[in-house]
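Here's a quick tour of one structure, meant to be read with the model open beside you.

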Amino acid sequence: LADSSSKKVAKLSDMTELDCALLDAWMPGHERTTTLLMGHIVTNTNSVPHLGDAYGYNLTYNAMASHKGNALHRHPSIEIFVNLDAPFEFAYGKHGQHKVTLQVGDAIAVPAGVTHSYKNVMDGHPSQPGRILTVLPGRPSITWDDGVVARARKMGAKCSDTGILIPEGAL
């Protein structure tokens, strides 16, 4: 790697966290930042990854305060999560009725087509967000649960009917 002309290194201290990079981050209770390492963000196709090419998958860090997380959604491919520095509760099933809590370092692979969400359940200080690593193979695609697009628009998100964010000035 050291001699490779194609080596890619992304230092956490140099990375940019994006506010509202995902549609549901516009909604109360779902506020979080997203750091794109590889690929594309499912609802923000104009984001530039820190490691360049997609290599066939999308890789992000998501950071959020305690008791915040994402809204119910599903993907046409598996989605893998690794808790980096906080416990997270994962909800799954059509209405998120099934729950499992994973600790730091634990991982979960959510099968394609399964509706799911997560939230940081750390009882820490709000200034210390919990981070989770997400891996989404294939083309970045998402289907939001009923009402997510309408609620995000009500909070000011500008997006397509499927929840893809529209860059400022593009309207």
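## The cavity and its lining

Strands β3 (57–64), β5 and β10 each put at least two residues into the lining of the largest cavity, and β3 gives the most, with three residues. Strands here are DSSP runs (E, at least two residues), and helices are runs of H or I with at least four, both numbered from the N terminus. This is a predicted model, so local features need pLDDT of at least 70 and side-chain atom pairs count only at pLDDT 80 or more, while totals for chains, interfaces and linings use all residues. Residues are numbered from 1 along each chain as its sequence is written, and side-chain values use heavy atoms, with hydrogens and water left out.

Sorted by class, the lining has eight nonpolar, eight polar and three charged residues. Asp, Glu, Lys and Arg count as charged; Ala, Val, Leu, Ile, Met, Phe, Trp, Tyr, Cys and Pro as nonpolar; the others, Gly among them, as polar.)

## The sheet

Six strands make an open sheet with antiparallel pairing, in the order β1-β2-β3-β10-β5-β8. Because β1 (18–19) and β8 (107–110) sit at the edges with a single partner strand each, one side of each has no neighbour in the sheet. Pairing takes at least two DSSP bridges between two strands.

β5 (residues 79–83) and β10 (residues 130–137) run antiparallel and are joined by four bridges, with V82 opposite L133. Elsewhere, β6 (residues 88–92) pairs with β7 (residues 98–102) over five bridges, also antiparallel. F88 faces L102 there, and in the hairpin G93 takes a positive phi near 105 degrees.

## The cores

The largest nonpolar core has 17 residues, and L23, W144 and V148 have the most contacts inside it. Helix α1 (residues 148–154) provides the largest share, three residues. (A core joins buried Ala, Val, Leu, Ile, Met, Phe, Trp, Tyr and Cys through side-chain atoms within 4.5 Å; buried means under 20% relative accessible area with a 1.4 Å probe, protein chains only.) A second, separate core of eleven residues includes F81, A86, L102 and M122.

Note on methods. Buried means under 20% relative accessible area, exposed over 50%, partly exposed in between (1.4 Å probe, protein chains only).
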